[in-house]
Amino acid sequence: MPEEDLVDIKFRLYDGSDIGPFSYSSASTVDMLKQRVVSDWPKGKTMTPKTANEVKLMCFGKILENNKTVGQCKLPFGDVGGGVIIMHVVVQPAIEKAKTEKKVDDLPRKVVCSCSIL
């Protein structure tokens with residue numbers, strides 16, 4: 001693999017700590033990066049992703065799409081020039097689906113008043 005084809009990437013976590021840097025091929029996908037983040041996640045953090053789907057990567061102010069390659073995510077105005085690219089990691093735990101069905105007891109009831117005036 002040619003050396004110019006490699007990109008050094010460091011992942012910045014929510015608390016300011018980092019994972020990496022690691023060298024990736026320009027052909028590596030964002031999904032592959034997310035899987036690496038999940039597998040190398042430091043122990044003892046208050047928020048820990050369980051799957052790559054719970055991780056969002058941001059770089060240069062954009063949320064990166066899973067099917068994009070590292071080469072497609074480079075700066076629009078040129079390369080960093082030998083530096084390490086920092087990708088910010090956002091963890092969004094999956095929200096369990098709440099039941100949409102309402103119980104009969106929870107439905108609003110029509111109140112009928114049978115009052116009489118004497």
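**Surface.** I started with the accessible surface of this predicted model, and it comes to about 8900 Å² for the protein. Carbon and sulfur atoms hold 54% of that area. I then looked up burial: of the 118 residues, 27% are buried.

**Layout.** Going along the sequence, I read β-β-α-β-β-β. I also checked contacts with a separation of 6 or more, and 59% of them are between residues 24 or more positions apart.

**Helix α1.** Which residues of α1 are buried? In this helix, which spans residues 30-39, I get Val-30, Leu-33, Lys-34 and Val-37. Why do they lie on the same side of α1? Their arc around the axis is only 100°, so they share one side of the helix. Next I asked what covers these buried residues. The cover includes four strands: β1 (6-12), β2 (18-25), β3 (55-59) and β5 (85-91).

**β1 and β2.** I went on to the pairing of β1. With β2 it runs antiparallel, and six bridges join the two strands. Leu-6 has Ser-25 of β2 opposite it. The hairpin of β1 and β2 leaves five residues between the strands. I noted Gly-16 in this hairpin, with a positive phi near 90°.

**β1 and β5.** Parallel or antiparallel here? I find β1 and β5 paired in the parallel sense, with four bridges. For Phe-11, I looked up the bridge partner in β5, and it is Met-87.

Terms used
Residues numbered from 1 in each chain as written. Predicted model: local features only at pLDDT ≥ 70, side-chain atom pairs only at ≥ 80, totals over all residues. Heavy atoms only, no water. Buried < 20%, exposed > 50% of the residue type's maximum accessible area, 1.4 Å probe, protein only. Arc of directions from axis to C-beta. Contact = heavy atoms within 4.5 Å. Pairing = 2+ DSSP bridges. Areas by Shrake-Rupley, 256 points an atom, 1.4 Å probe, with all protein chains shown as cover.
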